[in-house]
Every structure is written in structure tokens, then in C-alpha cells.
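Here is a short briefing on one protein chain. Keep the sequence and the 3D view open while reading.

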Amino acid sequence: MTAANPVKITVTGAAGNIAYSLLWRIANGDVYGKDQPVELALLEIESALDGAKGVAMELLDSAFPLVRKITVTADPKEAFDGTKAAFLVGAMPRTKGMERADLLNANAKIFTEQGRAINDYAARDVRVLVVGNPANTNALIAANNAPDLNPSQFNGMMRLDHNRALAQLAGKTGHNTDEFTRFVVWGNHSASQFPDVAFAEVDGRPVADLIDDRWYAEDFIPTVANRGAEIIEVRGKSSAASAASAAVDHMHDWIHGSDGQWRTAAIPSDGSYGIDEGLIAGLPTIAKDGTWEIVHGLELTEAQKERIEASVQELRDERAAVADLLK
Ligand code: NAD
Ligand code: LMR
């Protein structure tokens, strides 16, 4: 029996693939904790409302003790009213042969509307995690359309890239994923991202000592950066359960902290590391006291700067492409 008042959590795209994993993890207490009851708001477009209703029925049938209320709606006001955590998943996924930026036209407007609704109705300390692609720029659009909130309340999801990289490093070195520290994926959730092991350590040893340069440049970086496309190629649809898992990891750490450990979060840049202030970019961060703090003071080599700049340039180009949706 738990005593606390329920906290409202909104998931958009509730009839979709990612939501079908994500909602069960949230309902299980994996985001706010096992003592925190939750109220779930499922937002869908009208044409997919029946699908979302079916998901709600199954959630109910799972008899999670923490779930106090489930709402299914196509009305953003109702979905975001008083919400403390919003997972903005609802958006078109790419298919074989597409880049995520190709989705900008189709998806950008969703985040204008939802940014506004969050601005007007969500709890003032709401945390918003944008999963729908292209996630960084969609998060920028949502934040720009929520002028009464702090842009830092809007994140893009790059935790999946982070987790993918840890899994590759674990496979290569024989260490467990949780043994790696000081690892980051810089830039955009796209093929230009830079999974960077320069600062990474395992057991107090530099990871760079355990891997060779060729594997790092020719295998590791492209494997991590193109993993989304590889999943689509092999599975026939874009990643879903791993994306949901990463979304839970991100929101959990944002709320509870990361115990001083680095995580990759796509958050508004403060201008550090040559990344334009305000762009939502993957950065080395530590979650503390409910916010992400950028790890400052890292010395970058020219090679690191070049890779970061290439990804940041893509973020600038995406921002320019949606300039009419930014205030
Ligand atoms: P999906 O097509 O299975 O589900 C998307 C759902 O969103 C659909 O049910 C659709 O009706 C709904 N939707 C569309 N517009 C909406 C709106 N305005 N409001 C509410 N719901 C809306 O897709 P999916 O596999 O769940 O993926 C969702 C998004 O997440 C895609 O853009 C995908 O590319 C992205 N994604 C991002 C990451 C990441 O790491 N950032 C990882 C995986 C997938
Ligand atoms: C992923 O990284 O798996 C997602 O962004 C889906 C995609 O389009 O690659």
C-alpha cells in the first residue's frame, strides 16, 4: 500500500510501438519509483484512438498496483493538464533508406502544437523528453513553443545511442555495461553523432587502452551511429523496446540523479565546446538535484572538435529548416 498522491505522466503516440513497451515500464514504477503511484495520460490522434484504448485496457488488465488512473484522449489539453513528465513519442518513424532528418517535414508541426499545450497546461516543473524523430530538433521546436517554461525542461533522447555504445564496448572488452564511466555521445541523434571514448574509463583505466584505434574509428563509431538504420534493416521496423528502455533510463536519472556518473542527454547547449547556445545537443551531463549539469572543462583534441562540429552543423541545418516554427 502506497500513500503518496499520484503523479501524472503523459505518453504521446500511445498506440504505437514504443509506447507498447514504455507504458508497462512506467506502470511498473521504473521511472518515479516503486512507492510513487502514477496517473497515465495516453495521447493519440483521432484515427488511432481505438488502438490506444486497447492499450489502456491491457494496462488495466496488468493490475499494476501503482496505476491509479488511465486516460485516453486525442486532446492535448487533457493529456498535458497538470502533467509532471511527458514522453513525446508520437511521430512518424523512418523506414528503410531514410535519414531521421527526412522526417522533419512530417513531424515538426506535432511538436509546435504539443509545446504550446505543455506551456499552457502542464505542471510548471514538467520534464519533457522528446523521442519522436528527429528528436533533438523536435525538442527545440517544442521548447520554443513553450515560452513560459525553461528550455532546460525539454530534452531530446540520446540515451539510446549511449546505451548502444556501452553495449558495444562491453562486447569488445568483456566488461559489464555499468562498469564504464565518463562516456558521452556528442551532437545529434543521427548518423553524424560522435560516440566518444576519449574520456571513458573502466576500472580506473582509460578505455582507449583496451581498444585499438582502427576498431574505434572503423567499427565502433559507425556501428553505434548507424544502429537505428541497422535495426530497421534487420527487424523491418524501427527500434521500440530498446527506445522505451532508454526513455525510462533518461527520465529516471533526470528525476533521481545519476550518482555523479556521466550520461548522454540532449539538452540545450550553454555554448560550451563550440556548440551554439540553445541547440539541443548530446552532451556529457550529470543529473543532480533534478536537473542535468553539463560536464565542463574537458580538453578536446582537434579530431574530437571536428567530429563534434560536423554533428552540430547538422543541428544548425535542421534548425534553419524549421525556422518558421521557432519563435
Ligand atoms: P509508431 O508509428 O509505431 O507509433 C507512433 C504513434 O504516434 C502512432 O500510433 C501515431 O498515430 C501516433 N501519433 C502521430 N501523431 C501524433 C500526435 N500528434 N499526437 C499523438 N500521437 C501521434 O512509431 P514508434 O516506433 O513508436 O516511433 C515513434 C517515434 O520515435 C518515431 O519518430 C521514431 O523515429 C522515434 N524513435 C526515436 C528514438 C530515439 O532514440 N530518439 C528511438 C526509436 C524511435
Ligand atoms: C533509432 O535510433 O533506433 C531510432 O531513432 C529510429 C531510427 O529511425 O533509427
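Predicted model: local features only at pLDDT ≥ 70, side-chain atom pairs only at ≥ 80, totals over all residues.

- Domain 1 puts 38 residues into the contact, and domain 2 puts in 41 residues.
- Three residues stand out on the domain 1 side: Arg-100, Arg-127 and Asn-136. Together they supply 22% of the area that domain 1 buries against domain 2, more than any other three residues.

**Helices H4 and H5**

- Helix H4 spans residues 104-121, and helix H5 spans residues 135-144.
- Their axes come within 7 Å and cross at roughly 35 degrees. The crossing of H4 past H5 is right-handed.
- H4 makes the contact through Leu-104, Asn-107, Ala-108, Phe-111, Thr-112 and Gly-115.
- H5 answers with Thr-137, Asn-138, Ile-141 and Ala-142.
- Sorted by class, the contact of H4 with H5 has 5 nonpolar residues, 5 polar residues and no charged residues.

**Backbone features**

- Asn-133 and Pro-134 are joined by a cis peptide bond, with omega about -5 degrees.
- Pro-134 sits in the loop between strand E5 (127-130) and H5.
- Ala-63 is not a glycine, but has a positive phi of about 55 degrees.
- The loop that holds Ala-63 runs between helix H2 (49-61) and strand E3 (67-73).

**Salt bridges**

- Side chains of opposite charge can pair when their charged atoms come close.
- By the rule used here, the count comes to 14 salt bridges.
- One of these joins Glu-39 and Lys-69. The closest N and O atoms of this pair are 3.9 Å apart. The cut-off for a salt bridge is within 4 Å.
- The Glu-39 and Lys-69 pair links distant parts of the chain, 30 residues apart. Glu-39 lies in strand E2 (residues 38-43), and Lys-69 lies in strand E3.

Definitions and conventions
Residues numbered from 1 in each chain as written. Chains lettered and ligands numbered in written order. Heavy atoms only, no water. Axes fitted to C-alpha atoms, helices over the stretch in contact; angles between N-to-C directions. Helix = DSSP H or I, 4+ residues; strand = E, 2+ residues; numbered from the N terminus. Left-handed = near helix turned anticlockwise from the far one by under 90°. Contact = heavy atoms within 4.5 Å. Nonpolar A, V, L, I, M, F, W, Y, C, P; charged D, E, K, R; others polar. Buried area = accessible area lost by both parts, 1.4 Å probe. Salt bridge = Lys/Arg side-chain N within 4 Å of Asp/Glu carboxyl O.
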